[in-house]
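Subject: A structure for you to explore

Hello,

Here is the structure I promised to pass on to you. Have a look at it first, and then read my notes below with the picture open beside you.

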Amino acid sequence: MPYPVAAAAGNVQPWPVARTVALETVAVERMRLRVRGVVQGVGFRPFVHRLAVRHGITGFVCNDAEGVVIEAEGDATSLETFAAAIVADAPPLARVAEVVATSCPPRHDTGFVIRASPSTAAALTALIPPDVATCDDCLRELQDPADRRYRYPFTNCTNCGPRFTIVTAVPYDRPSTTMAGFPLCSDCRREYEDPGDRRFHAEPIACPACGPRLSMPLDEAAGLLRAGRILAVKGLGGYHLACDATDEEAVARLRARKLRDEKPLAVMTPDPGSLAVLTPEESALLRGPARPIVLARRRAGAAVAASVAPGSPWLGLLLPYTPLHHLLCHEAGIPLVLTSGNRSDEPIAIDDEDARQRLGEIADAFLSHDRPIHRRCEDSVVRAAFPVRRSRGYAPGGLPLPVAAPVAVVAAGAQLKSTFCVARGAEAFLSPHLGDLDSEAAYRAFRTDLALYLDMLGVEPAAVACDLHPEYLSTGWAREQELPLVEVQHHHAHAAACLAEHGETGEALAVILDGTGMGTDGTLWGGEVLRCDLVSFERVAHLEAVPLPGGEAAIREPWRMAAAYLERAGRPVPVEGRPFERWPVVRESLKVNAPLSSGAGRLFDAVAAVLGVRERVSYEGQAAIELEHLAGDARAEPYECGIRGGVIRGADLVAAVHDDLAAGRPRSAIAAAFHEGVASAFAAAVLTADGPRTVVLSGGSLQNLRLLGSLRGRLEAEGLRVLSHRLVPPNDGGISYGQAAVAAARLSQCA
Ligand SMILES: [Zn+2]
Ligand SMILES: [Zn+2]
């Protein structure tokens, strides 16, 4: 059994389903078992203790820097059953990667004990588990007036609570967490030392007598929320900003202060079914121990303020996942907007001082506490079958690398939706979401968090991987490292990420539909068919490049792309009405400065602007997202699109959109025909390319479910094997993982 999320949802596995067990047959009376994987902080030692007692085994168990060590003594049959049960019955949050057994001379112990962790200089390879949502047992105690943890906001146990965000070092013991400053009271100590207790050796446990405290009474905080105030709330992996999700004025005020114009906000509620129509898969994801934000279809008349997710048929929902959230939701009695504690797309605030400074002008009050956050970790976001943001609840779970890295590699990632990735042997460790890497604060967070990650993994990088874009801060960082540098083209990295998560080492075709990324020819790519493997790629087809009028400005103002495409299509650029009337001036500037782009995202922008969906955007991808909403489920035949010599004429699609609009065809039907046209053109380009029968799909534009579904359907109908993302985001949040996979493959060729 893998991690329960995977079992429940059947996808979005935080960890690969790998459980290699190399168990020698040992016919001796004492054996030493070396257990590797996610085995610390998941109740593994108490589990082994119970197992030993049940099978009449003597000896000991302890954590060390490589995982867990067990010495077990007994008759051969009991030992065999015991060893098998260690794998078969492991606690739900554990991931046993390997058990190696060796025999050793009997010592005639009198019982079985949990030993303190030895301090050791061995390589640190033990893995810290992700943070886990409050379990049902703890929730029951929280609501029980007779329990000593009644309404205590920091309740946790072996099966739940903070892990990744509070662990400061391995082996994972209480002194190596941010709970080190809270000595256990005698009641907690009794639970901690009682093998029969649910809190036996649970490192972060606490109670009202000995544990962390809130900075403000809960009923006061809830009162402020009900009165329409904005609250900064210290959570698990950082600060959130919270307000009443049903209060239009409060939400509008939060948006204005946070400088977040139109990007949808997440809503925390114990009853997501009242706001959205949930599929069984979405329900399972929402309730799983990772508790991500799940994008689900908004229920008609859902009681949330319009400005929570303006114009969107989707809502980002999440359940309370810490006792504090449970209590706050219960006390406030309203769905709460819960959004990252930051301005715009900066990294989330974790330090109390920093939070006061950065959030002081946004929040009316602070609901804080005195348990420090050691690692930044934002909420994860999942849409349908793939993660949009892989963060809390999943990080730092390892991802597979089909070709093991011969040396440790740090992959620096992209610029937007920044993550980094550390490759160690056959595993890759993808960082939580950091935000957009375009401010000094973000760059600082990148370096700080990377240092913490390397420390946790006990890794000294011997090579770095980065994007080709010279202006990415991540690329700049990589180039400063004075280490062997592996440069990976942006869209090859997307393809490699998808190949790697499926364990593919062979050749495949890749359809990468993305915004913009630096190509090998100095133009911006993003509408690509590649023939590739983990090492290299060849560009076999692509969207025809069009000028990007004004560079970055064209990304913020889709009308510019519309004008450029209409001109390419030989259609008149509308002159009536702003902002198109600026076109003659912008067009002049193209003669001087016209970067070329083949980005699919830009084609979607152009069509959105032609259809009047959106002429300017306030966040990346907004126009394309709204175009997908407009198309909805409308049925339409695909628009025709010429392909010659591997060049896909996107302008043909824009011409068709223009002509149908002029002829008065409904806009939603036009949007649908355009989606089908893009899918059909790329499917045709794949089918013309000779070779591999496996196709990977990746890139930010393939978060569009209509596009993804149509493309997949067309390719599968031709008998191709189609792979899309399940473990890492199709967007730039997955780039660093792809870079790591390419670097590992290339370095192992030289090794
Ligand atoms: Zn619990
Ligand atoms: Zn206590």
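Before we start, one term: two strands are said to pair if DSSP finds at least two bridges between them. Please also keep in mind that this is a predicted model.

**An open sheet and its helices**

With that term in hand, look for an open sheet of 5 strands, whose order is S4-S1-S3-S2-S5 and whose pairing is mixed. At its edges are strand S4 (95–103) and strand S5 (112–114), each of which pairs on one side only. On average, neighbouring strands in this sheet are turned by 15 degrees against each other, ignoring direction.

Inside the sheet, strand S2 (residues 58–64) and strand S3 (residues 67–73) are joined by 7 bridges in the antiparallel sense. If you want one pair to click on, take Val61, whose bridge partner in S3 is Ile70.

Helix H3 (residues 76–88) lies across S1, S3 and S4, at about 5 degrees to S1.

**The zinc site**

Which residues are the protein donors of the zinc ion (ligand 2)? They are Cys185, Cys188, Cys207 and Cys210, each through its SG atom, at 2.2 to 2.3 Å from the ion. Along the chain, these donors follow the spacing C-x2-C-x18-C-x2-C. The pair Cys188 and Cys207 links distant parts of the chain: Cys188 is in helix H5 (residues 186–193), while Cys207, 19 residues apart from it, is in the loop between H5 and helix H6 (218–226).

For comparison, the ideal angle for four tetrahedral donors is 109.5 degrees.

Are Cys188 and Cys207 buried or exposed? Cys188 counts as buried because its relative accessibility is 0%, and Cys207 counts as buried because its value is 1%; the cut-off for buried is under 20%.

**A covered strand**

Finally, turn to strand S11 (residues 314–318), where 5 of 5 residues are buried. Trp314, Gly316 and Leu318 point one way from S11, and Leu315 and Leu317 point the other way. In a regular strand, side chains alternate between the two faces of the sheet.

S11 runs parallel to strand S8 (residues 266–268), with 3 bridges between them, and Val267 stands opposite Leu317. With strand S10 (residues 293–298), S11 pairs in the antiparallel sense over 4 bridges; here Leu295 stands opposite Gly316.

Enjoy exploring!

Terms used:
Residues numbered from 1 in each chain as written. Chains lettered and ligands numbered in written order. Predicted model: local features only at pLDDT ≥ 70, side-chain atom pairs only at ≥ 80, totals over all residues. Heavy atoms only, no water. Helix = DSSP H or I, 4+ residues; strand = E, 2+ residues; numbered from the N terminus. Axes fitted to C-alpha atoms, helices over the stretch in contact; angles between N-to-C directions. Contact = heavy atoms within 4.5 Å. Donors = N, O, S within 2.8 Å, 3.2 Å for Na, K, Ca; no water. Buried < 20%, exposed > 50% of the residue type's maximum accessible area, 1.4 Å probe, protein only.
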